[in-house]
Amino acid sequence: MAFLELKGLQKDFGPLRVVKDFNLDIEQGEFVSFLGPSGCGKTTVLRMVAGFEEPSAGSISVGGKEVTRLKTSQRDMGMVFQAYALFPNMTVAQNIGFGLKVRGASSSEISARVTEMLKLIQLDQLADRYPYQMSGGQQQRVALARALAPQPKVLLLDEPLSALDAKVRVSLRDEIRAIQKRLGITTIFVTHDQEEALSISDRVIVMYQGKAEQVGTPFEIYNRPATKFVANFVGTLNTLEGTVTDPSAGTVRVGTGEVVLKGKLNGSKAGDPVSLALRPEAISLGRQPGRDAMLGGEIAEVSFLGSVIRVRVGLGQESVSLDTFNSPASPPPAVGDKAEISFSPEDVLVLH
Amino acid sequence: MKVFAWGAFLFGCLFFALPLLGLTEFSLSMRREGYTFDAYRVVLADPQFRSTFLYSVTAAIATIVVGILIVVPTAYWIRLRMPWLRPIVEFITLMPLVIPAIVIVFGYIRLYNTSSILPLMGTTAGTTLLLICGFTVLSLPYMYRAVDTGMRTIDVGTLTEAAQSLGAGWFTILFRIILPNVLVAVLSGAFLTFAIVIGEFVFPALLNLPAFGPYMQIVGANKAYEPMALAVIAFGITWGCMGLIQLVTRLQKHTQVKR
């Protein structure tokens with residue numbers, strides 16, 4: 001039996017069903033991310049777990065005990081919000097100690113726990129500051145400490161990094177993961193940022209239109225997307241539209257070229273349209289050993305991104321983007337140059 | 001253009017200041033030989049002044065407490081759960097500005113007189129209760145607007161959810177999270193209420209209660225210099241209230257602006 005069980009969760013807002021038959025088992029100490037575009041229902045599921053929304057159907061249990069109809073204040077879950085939500089009238093120490101205070105802990109107990117939490121987030125020197133006197137990153141760390149102070153069973157993170165700038169986001173992301181691992185707390189993290197989800201999660205749940213499209217490890221989600229949506233949503237993906245020419249030989253016509261994809265066209269007939277999906281890192285400019293499939297085209301766009309140069313190659317009606325490392329010794333290709341791209345048929349995802 | 005602006009400013013200042021200066025000057029002219037505070041001395045020494053002033057201050061404090069207890073939870077709940085009701089509540093709270101106090105008090109007299117089902121006017125305590133209810137109604141436009149504006153400056157929904165996730169109940173959320181964060185707004189409303197209640201004449205006069213408003217009227221009808229002194233004192237109280245609003249705003253640690 002899993003530690004946190006979501007069974008057949010459903011949520012309707014008027015005639016609109018925003019969460020449809022959502023099932024998920026989360027093990028104790030696991031870090032799980034809900035990833036999806038805006039409006040996919042990820043926050044609604046989190047809010048149902050927290051108790052802010054009542055499910056229209058289904059059940060939620062924690063540690064074998066059903067909590068579906070329990071009030072938020074009785075669920076013993078810590079939550080961190082996108083907008084920090086620190087109490088402006090309280091100092092950092094008072095904010096962190098609030099949860100313990102409402103639970104009736106003694107002042108010595110509160111003080112000890114606050115000190116421990118401040119050490120955990122490395123902000124011991126800011127105990128007497130008010131929220132307005134701190135940066136966004138510091139405020140979010142305090143919000144994390146506040147959520148963890150009462151030792152909740154589950155930690156819920158609702159896009160906690162979205163309001164922060166890029167550098168702080170990366171460092172705080174690592175910090176959250178390190179703290180979560182140290183405390184071994186079961187955590188649900190909601191984000192629309194795939195890099196965030198892939199980098200810190202044990203498992204990722206990709207959501208779309210109120211349903212879990214795919215549940216898997218970050219490696220599985222990225223490398224073996226189960227649906228076209230997941231393939232498109234997670235990472236950058238080039239999609240080439242092609243036509244099966246000979247299913248037994250595995251040949252597909254793409255633009256004016258042809259590629260051989262042995263064993264990947266199961267059940268296809270000659271003339272069937274197929275979508276071939278390729279990650280930018282799976283494509284090379286020019287012939288590369290081990291990358292036997294080749295297509296010819298023309299450089300359509302070159303974007304200098306610092307350490308990486310992203311090149312878009314036009315293949316007739318289609319185009320693909322690929323990344324090459326920047327090398328000061330060799331200048332990037334010029335727009336209009338003839339180019340060949342190569343890739344391994346193994347790396348192609350055939351989306352029917 | 002600049003000259004016109006300064007001219008308008010000067011005109012505005014004179015428009016407001018001259019009557020006040022005249023009033024103050026007259027209140028100090030009780031003796032022919034020069035300025036004196038005699039009028040103030042007479043007013044302050046009058047036991048009726050003290051008793052009516054104390055009565056009105058007590059009524060004002062009671063009004064403020066009742067007002068806070070009604071308005072803060074209402075404004076909070078409307079922001080949190082029923083935003084669609086806001087225009088209706090705003091309209092209701094503005095009614096006392098449209099309906100004269102005399103209409104309300106006559107309504108009270110008809111509804112709660114000694115021959116009615118609920119004869120509140122049969123006792124002094126009951127009549128005082130009616131007075132406080134009336135004052136609360138009069139203060140609604142100021143109190144509700146001040147509190148609602150205060151609520152607008154904080155993220156009521158997220159703060160409530162954060163507190164709930166930490167185990168807090170409604171009472172704790174309202175009185176330990178929401179109220180302290182809108183305290184400046186509540187105090188603004190409270191001081192405005194105080195200023196209005198202190199000088200209110202219609203309610204206590206028609207309910208026959210010994211408040212400061214009717215006392216000012218009696219003094220004004222029978223004496224020359226003392227009413228002017230009283231008016232200056234009343235102005236002083238109002239301005240003192242405004243000053244207190246500013247002071248409280250500045251002293252609130254957590255609302256100080258980042259410098």
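Reader: Before we get going, what makes two strands count as paired here?
Author: Two strands pair if DSSP finds at least two bridges between them. Keep in mind that this is a predicted model.

Reader: Ok. Which residue stands opposite A:Val154, then?
Author: That's A:Thr186, in S8 of chain A. Val154 belongs to strand S7, residues 154-158 of chain A, and five bridges join S7 to S8, residues 186-191.

Reader: Do those two run parallel or antiparallel?
Author: S7(A) and S8(A) run parallel.

Reader: What's the strand order in the sheet they sit in?
Author: It's an open sheet of six strands in chain A, ordered S6-S7-S8-S3-S9-S10, with mixed pairing. The edges are S6 (77-80) and S10 (211-216); each has a single partner strand, so one side of each has no neighbour in the sheet.

Reader: And how much is the twist from one strand to the next?
Author: The average is 20°.

Reader: Switching topic: how many residues does each chain put into the A-B contact?
Author: Chain A gives 20 residues and chain B gives 19.

Reader: Let's go to the hairpins. What joins S16 and S17 of chain A?
Author: Six bridges, in the antiparallel sense, between S16 (residues 293-304) and S17 (residues 308-315). One of the pairs is A:Glu301 with its bridge partner A:Arg312 in S17(A).

Reader: Which residue takes a positive phi in that hairpin?
Author: A:Gly306, with phi near 100°; the hairpin has three residues between its strands.

Reader: What about S17 and S18?
Author: Eight bridges join S17(A) to S18(A), residues 318-325, and the two run antiparallel. A:Gly314 stands opposite A:Ser319 in S18(A). These strands form a hairpin too, with two residues between them, and A:Gly316 in the turn has a positive phi of about 70°.

Reader: Last bit, the whole chain. How many helices and strands are in chain A?
Author: Eight helices and 20 strands. The C-alpha atoms fill a box of roughly 75 × 50 × 35 Å along the principal axes.

Reader: What share of chain A is buried?
Author: Buried residues make up 40% of its 352 residues. As for contacts between residues at least 6 apart in sequence, 65% in chain A join residues at least 24 apart.

Key:
Residues numbered from 1 in each chain as written. Chains lettered and ligands numbered in written order. Predicted model: local features only at pLDDT ≥ 70, side-chain atom pairs only at ≥ 80, totals over all residues. Helix = DSSP H or I, 4+ residues; strand = E, 2+ residues; numbered from the N terminus. Axes fitted to C-alpha atoms, helices over the stretch in contact; angles between N-to-C directions. Contact = placed C-beta atoms within 7 Å. Buried ≥ 20, exposed ≤ 12 C-beta atoms within 10 Å, placed from the backbone.
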